[in-house]
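Open your viewer and keep the selection panel at hand. We will go stop by stop.

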Amino acid sequence: MNSSFHRLAVRFLLACLTAAGTVRGAPDVATGRSFWSFQPPKAPAIPAVRHADWPRSDVDRFILATLETRGINPVGDADPRTLLRRVSFDLTGLPPEPDLVEKYAADPSPEAFARIVDDLLASPRFGERWGRHWLDVARYAESTGKERNNAFPEAWRYRDWVIDAVNADLPYDEFVRRQVAGDLLPASSTEQRDQNVIATGFLAVGPKGLNERRREQFLMDLVDEQIDVTSRAVLGVSVACARCHDHKFDPISQRDYYALAGIFRSTQTLYGTVTNQGNRQPSSLLALGKLPEAPAAAATASPEPDRTRPAGKAARQAARRAAANNRPRPEPEAPLPPMPPEGSPRAMGVREGRPMQCALLVRGEITQKGPVVPRGFVEVLNTTPPPPIPTRESGRLQLADWLTRSGNPLTARVAVNRAWLHLFGRGLVRTADDFGALGEKPTHPELLDNLALRFQSSGWSLKSLLREIVLSRTYQLASTASPQAANLDPDNTLLWRSTPRRLEAEAIRDAMLAVSGILDTEPPRSSPVAAIGDAPLRRGADSLRDASFARKRSVYLPVIRGFVPESMELFDFAEPSLVVADRDTTNVPSQALYLMNNEDILRISGAFARRLLADAGLSPRERIDRAYRLAFGRPATPRELTRAAEFLRLEIGDIARNPPPSQPSNPPPDRRRRPPARSREAMRPGEVAWTSFAQALLASAEFRFLR
Amino acid sequence: MNPPMNAPYSCSGVQPRPWSRRQLLQSVAAGFGWMAFSGLAARAASQPAVQPSTTAPLGVRPPHFRPRAKRVIFLCMQGGPSHLDTFDYKPLLQRDAGKPGQARGGGAQLIGSPFQFRQHGQSGLWISELFPNVARHADHLCLVRSMHTDIPNHPQAFIQLHTGSSQFIRPSMGAWVLYGLGSENENLPGFITLSPPLQFGAQNFGSAFLPAVYQGTRIGALRENNASASLGNIENRLLTDPQQRRQLDLVQEMNHDFLQATDGHPEVEGVIQSYELAFRMQSEVPELLELKGESPATLARYGVGDSATDSFARQCLLARRLSEAGVRFIEINHGGWDQHQNLETALRRNCRAIDRPIAALLDDLRSRGLLDDTLVIWGGEFGRTPDSRKSDGRDHNSKGFTFWMAGGGSQPGLSFGSTDDYGYKAVQNPVHVHDLHATLLHLLGLNHEDLTYRYGGRDHRLTDVKGNVVHGLVQS
């Protein structure tokens with residue numbers, strides 16, 4: 001106890017001293033700037049390689065040069081069918097059509113592959129896949145989570161904005177700028193202004209503790225969450241841990257934190273949730289389809305008294321008391337705009353509030369205010385003087401500029417690293433979530449810098465970046481093992497082969513729907529949560545699971561905090577309250593049980609079987625082969641044909657002989673709510689057996705892995 | 001309901017496939033059959049301390065030293081139950097009720113407990129009238145009256161109770177225990193949580209950076225009717241068991257081919273293993289979850305069927321059955337302990353809901369000889385304040401509250417530590433949540449400083465850089 005008191009006392013002292021500017025937490029900013037990720041990327045020389053005929057691009061030269069220094073030879077190229085399945089899932093999250101596979105297998109030229117890549121990048125399905133990657137780090141969800149878990153009925157607009165922006169290949173710097181300060185950017189039309197406002201939903205869709213009594217605490221938690229998502233999603237480092245003390249490992253001080261906090265405290269966040277009970281922190285929403293309003297900061301008087309603002313004599317007394325306590329005056333909040341009426345288009349997002357500076361809070365306690373910190377940015381990242389923040393503005397516009405300006409050492413590196421991660425299963429910096437001192441160093445630092453610099457100089461185009469990487473020879477390697485290489489680099493850190501990867505939850509479900517021929521690719525432009533409206537989600541959220549939008553792509557399934565659809569949650573969907581750059585991959589029995597027994601899986605398998613049976617002109621063996629081509633993007637081998645035929649023969653005979661099992665006496669709730677689409681009694685043995693076979697393919701490891 | 005199966009591959013009329021369980025037993029060297037192998041390892045029992053292998057992550061691992069407990073039943077009370085009205089008797093609070101309290105900002109007054117306390121058993125532990133049945137077990141209880149935690153806020157405190165840290169995503173204690181000791185039953189998950197609150201996320205039974213095999217398996221959810229709670233997706237409406245086994249054999253044959261095609265990729269092997277375990281779970285789990293085998297007398301003793309107790313009674317009875325079946329860490333949940341108001345009525349209702357079921361669980365564990373090596377723990381994320389601005393409520397108190405333990409090597413009939421005269425704050429022998437974690441691991445034969453996992457460049461523990469074993473809680 002004594003020692004912990006001692007530690008506390010020392011920390012308190014340090015915090016005070018730091019706040020007073022007399023000492024800085026270690027490491028100091030100058031030392032901190034020498035850390036690799038805080039230095040601007042440097043253009044590296046393209047390395048020379050011994051096997052000059054192997055590389056197809058500079059990416060390959062960097063990879064091969066490292067392999068050669070270690071004496072490792074890359075394995076051969078992937079066969080065309082494997083490669084096409086890989087690139088199709090990687091870029092669109094969907095399997096290739098069998099016809100395309102055969103066409104490419106017949107002409108596997110680099111030109112043919114490049115054309116296919118261009119088609120995939122141009123497909124609207126691309127944004128649905130790569131937009132979802134961003135939604136993972138944007139901790140996108142359609143409810144507040146925490147103790148009230150109120151719905152965000154308008155959150156889907158932000159989701160669709162992300163998908164549309166990725167499809168349009170909006171330059172990544174602009175993509176970030178609009179999400180941080182879209183409301184402050186020039187817009188040539190009401191529609192564009194609306195889109196820019198929707199983009200700021202990035203700052204509004206985070207988890208919120210609506211039950212919090214203390215307004216100041218709520219606001220500081222809101223700000224903390226915004227600092228966390230902005231710093232981690234864009235910069236790949238955590239600033240939020242400097243809320244209570246200087247960062248222990250990275251040169252990020254509490255001053256940095258409260259400098260950013262001032263920017264977000266000068267911003268008004270509008271997330272809805274007005275009407276329901278137990279909500280102590282209601283908000284409004286932004287009206288769409290209207291001309292830009294004057295910033296709240298310019299307003300001289302508020303039309304209605306604000307409940308948090310002391311008025312008149314009481315206010316003066318409060319101010320005097322605060323002054324006597326040597327604390328800053330309580331900052332008045334900007335009044336909430338009126339809630340746009342139900343039925344009119346509305347969005348979550350932010351707008352300018354009353355500009356204010358934030359007081360540093362000792363140990364992050366709202367009751368222990370320290371000195372006021374001027375608004376600003378993270379000092380260690382100020383490689384050149386940061387943009388000044390005008391007194392009458394929040395500083396968000398300057399923050400957006402600062403995040404994306406060319407001298408920022410992290411933004412481009414973090415973005416290209418994530419692209420690499422989603423194409424190889426692992427980033428060049430393995431800890432894609434942490435570019436700080438506790439993170440790992442890049443395996444290929446020169447390649448990372450090369451990609452980051454060219455990403456910026458080529459106009460921050462994600463599509464160009466991905467195109468270059470997937471056209472590299474490195475990406476197109478086979479997944480076969482090589483004893484020599486495995487001995488020297490068992491984890492394939494240096495990329496001498498392609499590492500087999502399990503598909504993400506969305507790709508697994510979407511692929512099942514696609515091969516069964518029932519995928520509905522039309523974007524819904526809404527969400528089941530929109531139908532719920534402004535209400536707390538408890539039991540009601542359950543009924544949203546997979547039931548609606550049953551054939552839509554998974555990116556459009558409702559994401560309710562605490563109620564992630566089973567088909568997503570079981571396969572390691574990103575926790576929607578956390579910034580997740582790199583999802584887990586597990587292979588556990590609950591997934592096996594889901595694939596063996598779940599009603600949705602049986603339904604999809606039935607559709608797959610009927611698709612196979614619908615073509616009356618096919619022999620059973622041709623039908624099996626067709627199933628393999630649809631499910632795995634390859635023909636069945638003779639052994640597989642024989643095995644499947646034998647399976648079907650035995651299964652049909654057994655099903656014909658044995659009556660169906662009785663309905664479970666104790667069906668789980670999901671099953672009670674929705675009667676099975678097609679009962680076993682209504683199906684002939686052949687259909688049951690083919691359903692069983694189709695399910696076996698969908699449940700197999702090959703279906704959910706990329707080689 | 002499919003007929004229960006005696007053997008996982010009793011597929012009548014079907015030839016066993018090359019990798020049926022029988023063959024798996026013979027092909028350990030090829031990397032298959034780790035489940036069977038772990039079963040054998042469990043029986044062999046005297047292995048040196050080892051890291052869990054990649055092929056047998058759930059195999060039984062020997063503890064660091066002789067354990068007092070083999071398994072844990074955690075009775076988790078979400079919301080922060082009032083220690084002042086249950087297990088922490090405060091005569092001065094009764095005397096000074098109505099006087100100004102210490103709450104920041106003023107305006108609060110001390111709230112005397114509306115409930116009578118008296119001493120119980122040889123040990124003379126003070127327990128309130130709310131727990132007449134649990135009080136029968138006073139001489140088996142080890143009251144920890146000096147608990148404290150960091151943050152008086154539900155989500156943070158609840159997560160810290162479960163993972164040690166509300167600030168970072170960390171593995172839950174059940175995951176750590178399973179990682180440390182492995183599973184005693186190859187056909188069941190080693191860590192099961194019944195009816196947990198979902199609003200704080202799966203983190204409370206998650207494995208975070210530990211391999212996912214150590215995460216808790218959730219059955220039901222708080223405030224859901226748990227009479228029909230089941231492990232999801234446990235039955236197939238389309239196929240009979242032999243038909244499904246034939247289907248699974250086909251899947252596994254394809255998986256085996258794919259394993260070869262990927263040169264033995266460990267994740268593909270993980271898929272193969274997951275199917276075998278899933279198939280066995282299908283037969284074993286429904287048998288366990290159904291309470292049909294229990295006599296009406298037993299059901300009545302727990303309170304099954306009585307609307308006041310039914311939900312928690314089922315959980316307690318399941319906890320007994322799961323502990324008998326060899327599940328390593330069982331958490332059962334009761335919510336709604338957040339009495340900012342309505343203290344008397346709500347607390348009476350809550351305690352009634354759990355008192356009889358818990359007493360029946362303790363009775364059964366004792367009579368079956370399980371209490372000696374089963375550590376039962378009761379408590380919530382924090383306690384409550386002695387004062388309030390409302391006349392019939394109490395607010396969050398992270399600075400002092402009560403947990404109790406029973407069995408598993410905890411010191412019976414003990415009251416350990418204390419809060420101040422009003423119950424604001426732990427003052428004597430304070431026990432932080434980190435200390436509770438260290439002690440729990442200690443009773444299981446694990447040194448909390450040695451149970452580590454390398455992640456993000458450093459070795460992590462359940463207790464992070466903190467925690468001390470509270471030896472006073474350990475039976476001498």
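Select chain A. Chain A holds 28 helices and 8 strands. Both are DSSP runs numbered from the N terminus: helices are H or I with at least four residues, strands are E with at least two. The model is predicted, so local features need pLDDT of at least 70 and side-chain atom pairs count only at pLDDT 80 or more, while totals for chains, interfaces and linings use all residues. Residues are numbered from 1 along each chain as its sequence is written, and chains are lettered from A and ligands numbered from 1 in the order in which they are written.

Stay on chain A. Of its 707 residues, 53% count as buried. Buried means 20 or more other C-beta atoms within 10 Å of a residue's own; exposed means 12 or fewer, and partly exposed is in between, with C-beta atoms placed from the backbone. Now think about contacts: two residues are in contact if their C-beta atoms, placed from the backbone, lie within 7 Å. Among chain A contacts with a separation of 6 or more, 71% join residues 24 or more positions apart.

Next, select residues 80-92 of chain A. This is helix H4. Is H4(A) mostly covered or mostly uncovered? Mostly covered: 13 of its 13 residues are buried. The expected span is 1.5 Å times one less than the number of residues. For the 13 residues of helix H4 of chain A that gives 18 Å, and the end C-alpha atoms are 18 Å apart, so the two agree. Step just past H4(A) to A:Gly93, which takes a positive phi of about 75°.

Move to residues 445-457 of chain A. Here is helix H16, and A:Leu448 is in it. Why does A:Leu448 count as buried? Because 26 other C-beta atoms lie within 10 Å. Leave aside its neighbours within four places in sequence: A:Leu448 then touches A:Arg413, A:Val416, A:Asn417, A:Leu428, A:Val429 and A:Pro442. A:Trp420 and A:Leu448 are 28 residues apart in sequence, and 9.4 Å apart in space from C-alpha to C-alpha.

Switch to chain B. An automatic or database domain assignment sets the bounds: domain 1 is 13-43 and domain 2 is 61-473. Their C-alpha centres lie 34 Å apart.

Last stop: show both chains. The contact takes 61 residues from chain A and 49 residues from chain B. On the chain B side, helices H4 (154-163), H6 (241-261) and H7 (266-289) each supply at least two residues. H6(B) gives the largest share, 12 residues.
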